[in-house]
Amino acid sequence: MPSEVTTSAAAALLGVSRPTLIKMAQEGRIASHKVGTHLRFRSEDVLAERKARRERERQAFRELRDALFSGEDPSRST
């Protein structure tokens, strides 16, 4: 993988649209820099964000699962 990627490549790696990625960069949620008039992202930053995003999704799923099953029969195993 190259050391830096374009907005299209970074968006594809993160599973988000280019406008969403650009908004994330403007909000400081992911580091970026300009090459001329184009935004670029360091590959390691994109991969770190992907890992963090997946962990947030997993945590949200665990919380949802726990909330859904908290009122169930205690004999039911998870």
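## Charged pairs

At 44% relative accessibility, E27 counts as partly exposed; the class covers values between buried (under 20% relative accessible area) and exposed (over 50%), calculated with a 1.4 Å probe on protein chains only. The structure is a predicted model, in which local features need pLDDT of at least 70 and side-chain atom pairs count only at pLDDT 80 or more, while totals for chains, interfaces and linings use all residues. Residues are numbered from 1 along each chain as its sequence is written, and side-chain values use heavy atoms, with hydrogens and water left out.

The side chain of E27 meets that of R29 in a salt bridge of 3.0 Å, N to O. A salt bridge here is a side-chain nitrogen of Lys or Arg within 4 Å of a carboxyl oxygen of Asp or Glu. R29 counts as partly exposed because its relative accessibility is 45%. Side chains of opposite charge can pair when their charged atoms come close.

Seven salt bridges are found in a search of the whole structure. One of them joins R42 and E44, whose closest N and O atoms are 2.2 Å apart. R42 is partly exposed at 38% relative accessibility, and E44 is exposed with a relative accessible area of 53%. Together with D45, R42 and E44 are linked in a network of salt bridges.

## Helix 3

Helices (H or I, at least four residues) and strands (E, at least two) are DSSP runs, numbered from the N terminus. Helix 3 covers residues 43-69, and its 27 residues should span 39 Å at 1.5 Å a residue; its end C-alpha atoms are 39 Å apart, which agrees. The expected span is 1.5 Å times one less than the number of residues.

Which residues of helix 3 are buried? S43, V46 and E49 are among them. The buried residues of this helix pack against strand 1 (4-6), helix 1 (7-14), helix 2 and strand 3 (38-42). E49 has a relative accessible area of 10%, and its salt-bridge partner is R56, with the closest N and O atoms 2.9 Å apart. R56 is partly exposed, at 45% relative accessibility.

## The nonpolar core

The largest nonpolar core has 12 residues, including V5, L14, V16, F41 and V46. Such a core is a set of buried Ala, Val, Leu, Ile, Met, Phe, Trp, Tyr and Cys residues joined through side-chain atoms within 4.5 Å. Helix 1, helix 2 and strand 3 each supply at least two residues of this core.

How values were computed:
Contact = heavy atoms within 4.5 Å.
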